[in-house]
Amino acid sequence: MCCFGETRWLSSAPMSVRVRFAPSPTGHLHIGGARTALFNWLYARHTGGQFVLRIEDTDEERNTPEAINVILEGLRWLGLDWDEGPAGESKGNRGPYFQSQRGEIYARHVEALKAKGLAYEHEGAIRFRMQREAITIPDLVCGDVVRELTDREQEQPDFVIVRSDGKPVFHLVNVIDDLEMGITHVIRGEDHLSNTAKHIALFRALDAEPPAFAHIPLILNSDGSKMSKRDDGASLDGWQQTHCVPEAVVNYLSLLGWSPKDDSQVMPMAEIIERFDLPQINRANARFDVKKMQWMNYEHLRNLPMPRYRQLASEAGMDFGDAAEDYIEAALVTCQNKVKQISDLPDYCRFYFTDAFEYDEAMAAKAFAPENKEGFAKLRELFANLESFEPELTETALKALAEELDVKIRALVMPARCACTGVKIGPSLYDLMAVLGRDRVLARFDRALARMDESGEG
RNA sequence: GACCCCUUCGUCUAGUGGUUAGGACACCGGCCUUUCACGCCGGCGACACGGGUUCGAGUCCCGUAGGGGUCGCCA
């Protein structure tokens, strides 16, 4: 009994799994497409199978190197590596992986269909002789779906597989590619469910057993409407550009239409791979929730190893000036669990890397009020003579002084914070002063004291 | 017009005939606290509707409504 526990997936995937993601280059990677890629990738990694990337670049209008690159870069950014597909030169031996280069393969199959009498020419185009009876689609997510012909299909059941200009259409090339590439599981959006009857008929006509199908629910806007590229959060580029943590996007997307069936929310990639499987996929469409995505991003952001956090900060445009590495890291440590998104970081920790900052006037007006001056001046002298500038020491000293002077702690903290950072919010005061170092803190105190003198006299 | 899928808090979801219907995000209180966060405690808040089946239905069946998808010489 114990021996079989670790290989339970074998029961649902007896043969080596081969899945694919087949995007068309539109100039951006839709979040729904990214999720489809993710589910395929997760299934491949979970089962130890192969993840194939195939570019459906038959639409010459939109087919540009840049558009293809957007997809490749998006997948790489998410960490979804492919075992076969484009990669400088293609990798894998079932290629080519661009449909634009597979014309001969399609032509060969079309000829075979015509020879068998299953396809025929009609007004210059070639139509497939589609069966008129209902087709049952065995779907791993939706169960057996019996697809009847629609009224329009009853008028003309034979659909076009090659246009009159000689170009094969999507349904045909999709099926031929899946067949030729040995795809075992087709995991794709539910928008393809109805069309799957055509695909099954095509597989049979090609003397092939159709692969297993798993149609996953769609991702909708927050108002339930169909998500298009203009909508909030709809394009992966947006999340890339705001320097989100890719693992957070993966984590959030994995929870849309799939559930680990317990209360797990934040999970590392390895755990998602371990737990992901087809039976836990939902049937209902999900709505994209920007707020929860941002929360997920923060959860991953605050747990990032410092080197990666530092790198992300740089990518987000953080200017560290000529600060030493130790100093940079010490500064970032005080920010990492406070900053919600990396794009907020530059403003949040600017004071660490420049002395030339203005005071926030609303803050300064209160912090540098005349009644705070005497205590603050004493705090400066106290700090000047402290043994060291460790947070524990400065905190103890400050609190002791507050008690001695019989003032609230904030009467000392606020001017100190304003003097050091210029703003109301920021890292822990004692931590930030330790990073800044005594000399710098004292200099900033003096600058603040000078200003308090001015306002006191004026 | 036809065909197909779906329907639990605002959102993501758990729930496979008997639960005070659970968790997460969001929102609202409180505690903690030098700020902002975090954390902790608490609150708000859902089984679309109508019929069945059953001792008993969010769970099974039928219908209605609503949402989504598809029916192209787009992919």
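Predicted model: local features only at pLDDT ≥ 70, side-chain atom pairs only at ≥ 80, totals over all residues.
Student: Buried means under 20% relative accessible area, exposed means over 50%, and partly exposed is in between (1.4 Å probe, protein chains only). Which of these is glutamate 111?

Tutor: Glutamate 111 is partly exposed, because its relative accessible area is 47%. Residues are numbered from 1 along each chain as its sequence is written, and chains are lettered from A and ligands numbered from 1 in the order in which they are written.

Student: Thanks! What does glutamate 111 meet in a salt bridge?

Tutor: Its partner is lysine 114, at 3.9 Å from N to O. A salt bridge is a side-chain nitrogen of Lys or Arg within 4 Å of a carboxyl oxygen of Asp or Glu. Helices (H or I, at least four residues) and strands (E, at least two) are DSSP runs, numbered from the N terminus.

Student: And lysine 114, how open is that?

Tutor: Lysine 114 has a relative accessible area of 30%, so it is partly exposed. Elsewhere, salt bridges that share partners join Arg20, Arg54, Glu56, Arg102, Asp177 and Asp178 into one network.

Student: How many salt bridges are there by that rule?

Tutor: The count comes to 28. One of them is between the side chains of arginine 18 and glutamate 84, 2.8 Å from N to O. Arginine 18 lies in strand 1 (residues 18-21) and glutamate 84 in the loop between helix 2 (65-78) and helix 3 (103-115), so this pair ties together parts 66 residues apart in sequence.

Student: Are those two buried or exposed?

Tutor: Arginine 18 counts as buried because its relative accessibility is 10%, and glutamate 84 counts as buried at 6%.

Student: New topic: where is aspartate 446?

Tutor: Aspartate 446 is in helix 19, residues 438-457. With 33% relative accessibility, aspartate 446 counts as partly exposed.

Student: Which side chain does aspartate 446 have a polar contact with?

Tutor: That would be arginine 380, at 2.6 Å. A polar contact is a pair of N or O atoms within 3.5 Å; within protein, one must be able to donate a hydrogen and the other to accept it, and residues adjacent in sequence count only if both atoms are side-chain atoms.

Terms used:
Heavy atoms only, no water.
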